[in-house]
Amino acid sequence: RDPGATVRRLADFLGLGELPAARVAEVLQATSFQRIRATENRLSLRVFWLLRRAMRWSRGSSYRARQGGSVGGGGGGAGSSVNEARPDARQLAELEARYD
């Protein structure tokens, strides 16, 4: 298989005409396995942090107080950011299904 030839055929199909070799190389680099994997890892981390922030916001201080944590957070004890709730197995499976 020749990925460069595939890129050229796609460009021709899309009506872009003949691509210069530098542009083909740029497309190949942007769509390489390593580049896609790095983007996937970066997005997965971002989704995790957004989910964590949303869980913290939706549960609020009353949730932490019921769980035995401090209402104000901080302080390093129970309820601090070190001991924040993490997504359970069901939530992680839903995220994987949605973003896989």
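## Glu26 and its salt bridge

Glu26 is partly exposed, with a relative accessible area of 45%; partly exposed lies between buried, under 20% relative accessible area, and exposed, over 50%, taken with a 1.4 Å probe and protein chains only. Glu26 forms a salt bridge with Arg23, and their closest N and O atoms are 3.0 Å apart. A salt bridge here is a side-chain nitrogen of Lys or Arg within 4 Å of a carboxyl oxygen of Asp or Glu. Arg23 is partly exposed as well, at 41% relative accessible area. Both Glu26 and Arg23 lie in helix α2, three residues apart, about one turn of the helix. An α-helix has 3.6 residues a turn, so residues three or four places apart point the same way.

The model is predicted: local features need pLDDT of at least 70, side-chain atom pairs count only at pLDDT 80 or more, and totals for chains, interfaces and linings use all residues. Residues are numbered from 1 along each chain as its sequence is written, and side-chain values use heavy atoms, with hydrogens and water left out.

## The other salt bridges

A search of the whole structure finds three salt bridges. One of them joins Arg37 to Glu40, with the closest N and O atoms 3.5 Å apart. Because Arg37 and Glu40 are three residues apart in helix α3, about one helical turn separates them. Arg37 is partly exposed at 37% relative accessible area, and Glu40 is partly exposed at 36%.

Arg90 forms a salt bridge with Glu94, and here the closest N and O atoms are 2.7 Å apart. These two residues are four apart in helix α4, so about one helical turn lies between Arg90 and Glu94. Glu94 is partly exposed, with a relative accessible area of 46%.

## Chain overview and confidence

The protein chain has four helices and zero strands, and from the N terminus on its elements run α-α-α-α. Helices (H or I, at least four residues) and strands (E, at least two) are DSSP runs, numbered from the N terminus. Of the 100 residues of the protein chain, 16% count as buried. The chain exposes about 8000 Å², and carbon and sulfur atoms supply 56% of that area. Accessible areas come from the Shrake-Rupley method with a 1.4 Å probe; for residues, only the protein chains shown count as cover. Among the chain's contacts with a separation of 6 or more, 38% are between residues 24 or more positions apart; a contact means heavy atoms within 4.5 Å.

The mean pLDDT of the protein chain is 76, and 70% of its residues reach 70 or more. pLDDT is the predictor's confidence in each residue, from 0 to 100.

In helix α1 (residues 3-13), Gly4, Val7 and Ala11 are buried. They cover an arc of only 60 degrees around the axis, which puts them on the same side of α1; the arc is that of the directions from the helix axis to the C-beta atoms. What covers these buried residues includes α2 (21-30). On the other side of α1, Arg9, Asp12 and Phe13 are exposed.

Phe13 counts as exposed because its relative accessibility is 71%. Together with Leu14 and Leu16, Phe13 makes a nonpolar surface patch of about 400 Å². Patches are made of residues with over 30% relative accessible area and no salt bridge; like charges are joined within 9 Å, and nonpolar side chains (Val, Leu, Ile, Met, Phe, Trp, Tyr) within 5 Å. Gly15 follows α1 and has a positive phi, near 80 degrees.

Gln91 is found in helix α4 (residues 89-99). Gln91 is buried, at 18% relative accessible area. Not counting residues up to four places away in sequence, Gln91 touches Met55 and Arg86.

Leu95 also has its place in helix α4. With residues up to four places away in sequence left out, Leu95 touches Val47 and Leu51. Leu95 and Val47 are 48 residues apart along the chain, and their C-alpha atoms are separated by 8.4 Å.
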